[in-house]
Amino acid sequence: MNFSFNPADLGYLIPYLIMAVAGMLLVLAEAFYRGQDRSSLVGLTVAGSLAAAVASVVLYRQIGDARVPLLGVMLIAARTSYVLSALFSVVTALAALMSPAHQKEHDWQIGEYYGVMLLSASGMIMLAHAANLVTIFLGIETMSIGVYVMCAMRRRSRRGNEAAMKYFLIGAFATGFLMYGMALLYGAAGTSSLVEMQKALATTNNPGLVIAGAFLLVVAFGFKVAAVPFHMWAPDAYEGAPTPVTAFMAAAVKAAAVAAMIRMFGLALGGDVLPFGSLGWASPMVVIAAVTITIGNISAVRQDNIKRMLAYSSISHAGVLLVGVCALGLGAASANGAIVYYLIAYSMTTMGAFAIVAYVGSKGRERLLVDDWAGLGAQHPGAALAMTVLLLSFGGVPPTGGFFAKFYVFKSAMEVYDGQLIWLVLVGVVNSAISIYYYLRIVTAMYFREANQPFAPTRSGGLLFVIAICPIIVLEMGIMPGFWVKLVGG
Amino acid sequence: MGNILFNVGYGHFLVLAAVLFLIGVGAVLVRRNALIILMGVELMLNAANMTLLTFSRMWGDLSGHTFALIVIAVAAAEASVGLAIVVAVFRGRRNVDVDKLTTLRH
């Protein structure tokens, strides 16, 4: 490997650099900060992440259809990576906007939070560009370690600590699998570059190593995206973490893990040989996808706690994303764009839904049960309407982004040779119908039941902005999907 | 038998690493103390490091070495965050038994 540092490469990494530098500045700013109110740090956080988003858009327009290898093919710059990095930046900005009101209301004002959030987001942007085992590992760890810290920030809360502990232990366990799987693949291929790895693995004389390595990676990513049977941490972690952190975990972290899967399974383990056959990685993955969609939905039906319900719903959405990853591996050309479209729609829906959860709760009373939401429609019609739109998008009802997201993913699964994934598409469609049931439970509670006591929502401009913008984007994605489809290259 | 002592090959390192990895997985699955689980995870990561180094030498490719160094650094960062979380949990409950983490359950 001959490697020479080319300063011009840094130009392609401006979104990453903005994110990382802003994150470090924020951590530094906290050290010199006096007083209790941390809301002025939010301004810098939002400015940093929006600057990263703008830089991604500019680079997206400049780069065209080229794929530019950066820093000795450690990273690759392409259109998809800039779409994803813009998505991660916007989600980070939304999460930052949600946070100050929640911090003030629930008394966990810690300024490092914002710096750690941006550093974690810089890991996600690295994942969007990753083209080497090393950068995938570094990206995942930068992201995860930041989120462990964010999850544990509400130090005095028993629930917060417990959620952080569970999340951390499972995350670290998954890292062990990830690392060992990567080591085995490295051994079979003799290179850590994802592009060269595909060729080397297809002609290896050590198929055992490849199968074991791919299997370990399926397990590791199963933990990271919370796929059944590796999902048990997710409801606990989502419930116990502060709501803005939950939103960040459910939207951005999951999206970034899927972005890493696109690279790992679509590029390094893709091609005409590795995914196929009974020992290829696609066979366990389709089973995991089917089980994840089904179990996630069935468990969500039984939940009374809205955060847990959304956690199970996000598990079943991970299942749909895995269908997309399987289709990608099995050679469906449109799967890449479909997954990215799904990630955009899903992230926006999730951010909005958790923003409303944060809005409805107030000091000493988080109002997390479905019963607590009774009568929201009469007292706060705007929030109830926004929640209805978002829940319909989660359920995949037209005209929302969620509908087209599911549609495109399933359509790409249909394209797989010989209709091998048709049964999986059927499982997915039936489950979409089941999921409408529990989403509508919240809607009926909001509109058709009387409130048992008046709401005292957490009011803040940032929170209201997130609640307003997310349903608008989700509706826009559903009414005019053409722009977004072109954006993701479908 | 003397051969094994004097001719240590790549295979021995790989098998040792696989055994270490399985011990690590076993520790995570069986032990209930969060600290021991953390040690199990470290064992898994070090098994991966040993595998990386062996393969790196086998292929005559240095990227495996750099990868192992990066893994060591990241594992240290992860362990420090993990220990901080363990301390925070201990302050609240006076134990770090993962089976007793049952506040969040439905």
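These questions and answers walk through a predicted model of chains A and B.

Reader: How should I read the numbering, and which pLDDT do local features need?

Author: Residues count from 1 along each chain as its sequence is written, while chains are lettered from A and ligands numbered from 1 in the order in which they are written. Since this is a predicted model, side-chain atom pairs count only at pLDDT 80 or more, totals for chains, interfaces and linings use all residues, and local features need pLDDT of at least 70.

Reader: What pLDDT does chain B average?

Author: The model as a whole scores ipTM 0.95 and pTM 0.95. pLDDT is the predictor's confidence in each residue, from 0 to 100. In chain B, 94% of the residues score at least 70, and the average is 91.

Reader: Which helix supplies the largest share of the side of chain A that touches chain B?

Author: Two residues are in contact if their C-beta atoms, placed from the backbone, lie within 7 Å; by that rule 38 residues of chain A meet 34 residues of chain B. Helices are DSSP runs (H or I, at least four residues; strands are E, at least two), numbered from the N terminus. Helix H6 (133-151), helix H7 (158-189) and helix H10 (233-240) of chain A each give at least two residues to this side. The largest share, 19 residues, comes from H7(A).

Reader: How many residues on that side of chain A are nonpolar?

Author: Ala, Val, Leu, Ile, Met, Phe, Trp, Tyr, Cys and Pro count as nonpolar, Asp, Glu, Lys and Arg as charged, and the others, Gly among them, as polar. The side of chain A that touches chain B has nine polar and nine charged residues, and its nonpolar residues number 20.

Reader: Which residues touch the most other members of the largest nonpolar core?

Author: A residue is buried if 20 or more other C-beta atoms lie within 10 Å of its own, exposed if 12 or fewer, and partly exposed in between, with C-beta atoms placed from the backbone. A nonpolar core is a set of buried Ala, Val, Leu, Ile, Met, Phe, Trp, Tyr and Cys residues joined through C-beta atoms within 7 Å. The largest one has 238 residues, and the members touching the most others are A:Ile339 and A:Ala355.

Reader: Is A:Ile442 buried or exposed?

Author: A:Ile442 sits in helix H18 of chain A. Leaving aside neighbours within four places in sequence, its contacts are A:Ile306, A:Val370, A:Trp373, A:Met387 and A:Leu391. Because it has 20 C-beta neighbours inside 10 Å, A:Ile442 counts as buried.

Reader: Is B:Ala27 buried or partly exposed?

Author: B:Ala27 lies in helix H2 (residues 10-30) of chain B. Beyond four places in sequence, B:Ala27 is in contact with B:Ile36, B:Ile37, B:Met39, B:Gly40 and B:Leu43. It has 19 other C-beta atoms within 10 Å, so B:Ala27 is partly exposed.

Reader: Which residue does a cis peptide bond join to A:Pro229?

Author: Most residues other than glycine have a negative phi, and most peptide bonds are trans. A:Pro229 is in the loop between helix H9 (207-225) and H10 of chain A. With omega about 5°, the cis bond joins A:Pro229 to A:Val228.

Reader: Is A:Ala226 buried or exposed?

Author: A:Ala226 is found in the loop between H9 and H10 of chain A. Although it is not a glycine, A:Ala226 has a positive phi of about 60°. With 29 other C-beta atoms within 10 Å, A:Ala226 is buried.

Reader: And A:Asp107, is that buried or exposed?

Author: A:Asp107 lies in the loop between helix H4 (79-106) and helix H5 (112-129) of chain A. Its phi is near 60°, a positive value in a residue other than glycine. Because A:Asp107 has 11 C-beta neighbours inside 10 Å, it counts as exposed.
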